[in-house]
Amino acid sequence: MPKHVWYVWMCYRKQMKIGRRIKEVFDSKPKTYTINWFAGQLHCDRRNIYRIFSKDNIDIILLGRISKILNHDFFADLSKSLEINDWNSDTASEKDIL
């Protein structure tokens, strides 16, 4: 496998699945935080909440709204998942990619 293809694959593999993280935070909230409540806060149908939970990526405006509603900084979670040390932990270097 060419090195640049390997690197892209490794980056994808390490990518945080944001929908999964949103579900984890939602599930950790008190039971008064229901799917119907969450859908009401986002002004959408409850089916859309389940779609959000299954997403690998999400619009930043929507993520900002979800962060406020659930009182959790998902941007910090994403930032931590992209730390430079994580990307450099594999054997690929910048010169290998270019």
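Reader: Which exposed residues does the face of α2 turned away from its buried side carry?

Author: Exposed means over 50% relative accessible area, buried under 20%, and partly exposed in between, with a 1.4 Å probe and protein chains only. Helices (H or I, at least four residues) and strands (E, at least two) are DSSP runs, numbered from the N terminus. On α2, the face turned away from the buried side carries the exposed residues R20 and S28. This is a predicted model, in which local features need pLDDT of at least 70 and side-chain atom pairs count only at pLDDT 80 or more, while totals for chains, interfaces and linings use all residues. Residues are numbered from 1 along each chain as its sequence is written, and side-chain values use heavy atoms, with hydrogens and water left out.

Reader: Which residues of α2 are buried, and how are they arranged around the axis?

Author: Helix α2 spans residues 18–28, and I18, G19, I22, V25 and F26 are buried there. Seen down the axis, these buried residues fall within an arc of 125 degrees, so they line one face of the helix. The arc is that of the directions from the helix axis to the C-beta atoms.

Reader: What covers the buried residues of α2?

Author: Cover is read from contacts, that is, heavy atoms within 4.5 Å. For the buried residues of α2, the cover includes α3 (35–42), α4 (46–53), α5 (60–70) and α6 (74–81).

Reader: How many aromatic pairs does a search of the whole structure find?

Author: Rings of Phe, Tyr and Trp (its six-membered ring) pair if their centres lie within 6.5 Å; planes under 30 degrees apart count as stacked, over 60 as edge-to-face and the rest as tilted. The search finds six such pairs. The rings of F26 and F53 have centres 5.7 Å apart and planes at 45 degrees, so this pair is tilted. F26 belongs to helix α2 and F53 to helix α4, so the pair ties together parts 27 residues apart in sequence. F26 is buried at 6% relative accessible area, and F53 is buried at 10%.

Reader: How are the rings of W37 and F38 placed?

Author: W37 and F38 form a stacked pair, 6.4 Å centre to centre with 20 degrees between the planes. W37 is partly exposed at 27% relative accessibility, whereas F38 is buried at 0%. Ring pairs link F26, Y33, W37, F38, Y50 and F53 into a cluster.
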